[in-house]
Amino acid sequence: MEGTEGTQQPHLVLANKLFLLTHSDVDDIQKVRLREEVISTVVADDMAPLYETLAANSVLELDQKVLDSMRVKIAEELKKLDEKIADAEENLGESEVREAHLAKSLFYIRIADKEKALEQLKITEGKTVAVGQRMDLVFYTLQMGFFYMDFDLISRSIDKAKNLFDEGGDWERKNRLKVYEGLYCMSTRNFKKAADLFLDSISTFTTYEIFPYDTFIFYTVLASIISLDRVSLKQKVVDAPEILTVISKIPYLSEFLNSLYECQYKSFFSAFAGITEHIKLDRYLHPHFRFYMREIRTVVYSQFLESYKSVTIEAMAKAFGVTVDFIDLELSRFIAAGKLHCKIDKVAGVLETNRPDAKNALYQATIKQGDFLLNRIQKLSRVIDL
């Protein structure tokens, strides 16, 4: 089940196809091809439980003969696996017993029977002593979690893996776990932590079973842009040799990153339009599409306004290659939401920045907390006096 170098785990490839098959932005011709590929994979791996679920949700049409055939094959294979387990328990050692149970676990994973797979993995864990092998079982569970997008299962598995590392564990598996955790953080909208974990894993990436290296770089750049300041972005992303080697292979990404850093805002908006299509069709990023769009616009507008005490709306619109009305509407929304620190002088057609003073804000907060503390002390003294 574990992907070799450069090979994505087949179930996660299937999960992506299922996501695209139910996506409204994918055209019908492509959906016909995707449906054929999904049916082919489901039948080839005897995924009867998944087939029934997809048929119930009207994603695929139910063919009872196909379903019965899969059930017969599953029953035959389970009989063989149970015989191997019985034989290993009677005639062989503990290692062979563990391998027989693991084979049954992987079979349940292959046919997409989640509950039985988790149950069998637990039994296999009971037969496993080595920390590294127990970690591998956690990785199988994590892969299942991402297949079903079960974030509770993923979170518990990550915590379990971290506890196992307290007992020991090699660096290769620790680095792999960072990528799994980064993907979990990104999928749950914690882009800052995801960026940190992905950047830590760039030079040691071996987690090809969950996505290819190009996809990993795509996620790393997107998470970093909205999480890092300009200096860190330059050091860790823009000039990173690992990113530079593959960024040009990913459509729009190089222009998206470099135009932002070099303040080429027209080019940025052009690349931005292309990147949005990739995000929409990404299984992990799609739920956060609107959030990411807001965050990236906040970053780019803040960066532009950082250079000015005041600037005309017309000049800003020209820099971004959009209309004055568009910029006016955009900025008014972000200002009202507290995302941008400026105000619009509609009469003069000017934007005036009012950057918050960090030291002054800290001073005001200290005064406020001091007043609160004094009030509490006075109330307490009255009670004591009584």
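Buried means under 20% relative accessible area, exposed means over 50%, and partly exposed lies in between, as computed with a 1.4 Å probe on protein chains only. The model is predicted, and for that reason local features need pLDDT of at least 70 and side-chain atom pairs count only at pLDDT 80 or more, whereas totals for chains, interfaces and linings use all residues. Residues are numbered from 1 along each chain as its sequence is written, and side-chain values use heavy atoms, with hydrogens and water left out.

**Exercise 1. Classify the two partners of the salt bridge between E52 and R71, and state which elements they join.**

Step 1. A salt bridge is a side-chain nitrogen of Lys or Arg within 4 Å of a carboxyl oxygen of Asp or Glu, and the side chains of E52 and R71 meet in one at 2.7 Å, N to O.

Step 2. Helices are DSSP runs of H or I with at least four residues, strands are runs of E with at least two, and both are numbered from the N terminus. E52 lies in helix α3 (residues 48-56) and R71 in helix α4 (residues 64-91), so the pair ties together parts that are 19 residues apart in sequence.

Step 3. E52 has a relative accessible area of 35% and is therefore partly exposed, and R71, at 38%, counts as partly exposed too.

**Exercise 2. Describe the surroundings of the salt bridges E209 to R176 and E330 to R297.**

Step 1. The side chains of E209 and R176 meet at 2.7 Å, N to O. This pair links distant parts of the chain, with E209 in the loop between α10 and α11 and R176 in helix α9 (residues 171-187), 33 residues apart.

Step 2. E209 is buried at a relative accessible area of 1%, and R176 is buried at 3%.

Step 3. For E330 and R297 the N to O distance is 2.8 Å. E330 belongs to helix α18 (residues 324-336) and R297 to helix α16, so the pair ties together parts that are 33 residues apart in sequence; both residues are buried.

Step 4. Salt bridges that share partners also join K17, R33 and E37 into one network, and a search of the whole structure finds 20 salt bridges.

**Exercise 3. Determine how D282 is placed, and what its nearest side chain of opposite charge is.**

Step 1. D282 sits in the loop between α15 (265-280) and α16 (289-306).

Step 2. Lys and Arg count as positive and Asp and Glu as negative, while His and the chain ends are not counted. On this basis D282 is buried yet has no salt bridge, and the nearest side chain of opposite charge, R283, is 8.4 Å away.

Step 3. Contact means heavy atoms within 4.5 Å, and, leaving aside neighbours within four places in sequence, D282 is in contact with F19 and Y219.

**Exercise 4. Work out which way helix α12 faces.**

Step 1. In helix α12 (residues 230-238), the residues S232, L233, V237 and V238 are buried. Seen down the helix axis, these buried residues fall within an arc of 155°, so they line one face of the helix; the arc is that of the directions from the helix axis to the C-beta atoms.

Step 2. The buried residues of α12 pack against α10 (191-201), α11 (213-225), α13 (241-244) and α14 (253-261), while the face turned away from the buried side carries the exposed residues V231 and Q235.

Step 3. At the start of α12, a side-chain oxygen of D229 reaches to within 3.1 Å of the backbone nitrogen of V231.

Notes:
Polar contact = N/O pair within 3.5 Å; in protein donor to acceptor, adjacent residues only side chain to side chain.
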